[in-house]
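Work through the exercises below with the model open beside you. Try each task before you read its solution.

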Amino acid sequence: MENKQIIKSVDNLNDYLINTRRYLHENPELSGKEIETSKFLKEQVKELDLDIKEVLGTGFYAILDTGRKGKTLGLRTDIDALPILENRNNLNGARICRSKDDGVFHACGHDGHMAILLGVMKILVENKNKLNGKIIFIFEEGEETGSGISPMIESLKNEKIDAIYGNHLASFLETGKIGLDAGPVMAGFGIVDFTVKGKGGHGSRPDLSVSPIFAASNIINSLASAWVNRLDVTKTVTLGLGSINGGTIANVIPNEVRVTGTIRFFDRKEGEKAVDLIKKVGKFTAQANECEFIANDIRVEYNPVINDESLSDLSRKASEDIMPNSVKEDVIWFGSESFSDYNKIAKTMFALVGTKNDKLGSGAEHHNEYFDIDERSISIAIKSMVKFASIYLS
């Protein structure tokens with residue numbers, strides 16, 4: 001497809017894209033509960049007369065068959081929101097639209113991702129006579145919790161997909177810029193969830209109890225030391241502890257304390273080494289405090305998102321061709337994505353699309369009450385994806 005045609009098609013869809021994104025933003029649904037979201041998306045697909053394949057849960061995919069032999073390309077979006085109370089403002093004042101469901105909020109840009117894929121789908125359907133092979137439009141349930149990726153992978157196994165392309169709006173990257181590097185571009189993810197059991201008692205006689213609070217704090221301090229001294233400094237692994245829960249009142253020593261968090265890494269082996277380190281430090285530090293360490297769930301969940309080199313080269317050429325000077329080098333993100341699992345069935349390419357605009361107030365961290373997007377980034381992402389698809393399937 002010619003650049004002028006793609007740009008004109010995107011411009012013609014502008015009102016649809018903005019209205020769709022705002023509708024989805026105002027009507028968010030949590031992971032695994034995207035019932036109305038899924039219905040809305042399927043209605044958009046049916047209008048284009050595409051074949052819909054149901055997947056266990058709320059996810060699904062749709063197939064565009066050009067009727068000509070060629071490769072099969074998957075294009076993916078996530079569809080879920082987060083359990084976060086949205087602030088009525090972004091970083092620069094009142095936001096354009098707000099969630100109608102307090103405590104449920106598209107705080108990671110998935111509303112934009114859905115609008116992007118719907119726009120791409122419309123353009124590619126209109127121009128299928130210029131393409132070869134098949135396109136599979138993937139609508140994945142529950143990216144934030146990982147509930148939808150396994151059923152989706154299982155359903156897609158028989159589709160013989162050659163490559164899968166996805167993207168993510170990135171609040172740390174300026175609008176107009178796209179990261180399309182080869183290799184690891186998003187971090188792998190590991191779960192940290194453990195309980196320290198002691199012996200509860202009255203706060204006036206701590207000597208008659210065994211405090212799991214002190215034991216848990218010693219474990220945390222020991223992990224900080226171990227992280228510096230036991231992990232390879234050239235292979236960054238982060239430890240982010242998000243919660244410590246134990247006790248309910250000042251004068252009662254609790255029986256147990258629970259600690260949860262995550263690890264992020266770009267090297268799978270080093271991530272697994274970190275998991276083993278947490279278990280060892282936890283076990284022996286707890287024993288030294290006469291407590292019991294219970295690993296509720298400490299494991300590597302996702303691999304890093306890794307871009308295939310040939311797909312990265314093609315993506316960069318495509319984006320630079322249609323939007324000169326749009327590609328930014330060396331863009332990596334310590335966030336994690338279930339998209340990494342698609343590498344099990346096909347080569348993968350994941351674009352990081354800038355949506356930071358200080359004047360509009362977009363640029364707050366993802367999963368933050370002030371998070372917002374620059375809606376212009378939707379069109380930019382579509383141009384990049386459509387151009388890539390048109391070259392890949394030419």
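Some notes on the model come first, then the exercises.

This is a predicted model, in which local features need pLDDT of at least 70, side-chain atom pairs count only at pLDDT 80 or more, and totals for chains, interfaces and linings use all residues. Residues are numbered from 1 along each chain as its sequence is written, and side-chain values use heavy atoms, with hydrogens and water left out.

**Exercise 1. Describe helix H3 and find what covers its buried residues.**

Step 1. Locate the helix. H3 covers residues 35-46. Helices here are DSSP runs of H or I with at least four residues, strands are runs of E with at least two, and both are numbered from the N terminus.

Step 2. Check its length. H3 has 12 residues and spans 16 Å from first C-alpha to last, close to the expected 16 Å at 1.5 Å a residue. The expected span is 1.5 Å times one less than the number of residues.

Step 3. List the buried residues. They are Thr-37, Ser-38, Phe-40, Leu-41, Lys-42, Gln-44 and Val-45. Buried means under 20% relative accessible area, exposed means over 50%, and partly exposed lies in between (1.4 Å probe, protein chains only).

Step 4. Find the cover. It includes helix H2 (14-26), helix H4 (110-126) and strands S1 (51-54), S2 (60-65) and S6 (134-140). Contact means heavy atoms within 4.5 Å.

**Exercise 2. Work out how H2 and H3 pack.**

Step 1. Read the geometry. The angle is about 160°, and the axes are 11 Å apart. Axes are lines fitted to C-alpha atoms, for helices over the stretch in contact, and angles run from 0 to 180 degrees between N-to-C directions.

Step 2. Name the arrangement. H2 is therefore roughly antiparallel to H3. The classes are roughly parallel (under 35 degrees), roughly antiparallel (over 145), roughly perpendicular (65 to 115) and oblique (the rest).

Step 3. H2 and H3 cross in a right-handed way. A crossing is right-handed if the near helix is turned clockwise from the far one by less than a right angle, and left-handed if anticlockwise.

Step 4. Name the partners. From H2 come Tyr-16, Thr-20, Tyr-23 and Leu-24, and from H3 come Thr-37, Phe-40 and Gln-44. By class, four are nonpolar, three are polar and none is charged. Ala, Val, Leu, Ile, Met, Phe, Trp, Tyr, Cys and Pro count as nonpolar, Asp, Glu, Lys and Arg as charged, and the others, Gly among them, as polar.

**Exercise 3. Describe how helix H9 packs with H8 and with H1.**

Step 1. Start with H8. H8 (residues 309-322) and H9 (residues 376-392) meet at about 120°, with axes 9 Å apart. The two are therefore oblique to each other. Their crossing is right-handed.

Step 2. List that contact. H8 supplies Leu-311, Leu-314, Ser-315, Ala-318, Ser-319, Asp-321 and Ile-322, while H9 supplies Lys-383, Ser-384, Lys-387, Phe-388, Ile-391 and Tyr-392. Seven of these residues are nonpolar, three polar and three charged.

Step 3. Turn to H1. H1 (residues 3-12) packs with H9 at about 140°, and the axes are 10 Å apart. That makes H1 oblique to H9. H1 crosses H9 with a right hand.

Step 4. List the second contact. Asn-3, Ile-6, Ile-7 and Val-10 of H1 touch Ser-379, Ile-382, Lys-383, Val-386, Lys-387 and Ser-390 of H9. This contact has five nonpolar, three polar and two charged residues.

**Exercise 4. Where do Asp-49 and Glu-290 sit, and is each buried or exposed?**

Step 1. Take Asp-49. Asp-49 lies in the loop between H3 and S1. Its phi is positive, about 60°, although Asp-49 is not a glycine. Its relative accessible area is 69%, so Asp-49 is exposed.

Step 2. Take Glu-290. Glu-290 lies in the loop between helix H7 (268-288) and strand S15 (292-295). Glu-290 also is not a glycine, yet has a positive phi of about 60°. Its relative accessibility is 65%, so Glu-290 is exposed.
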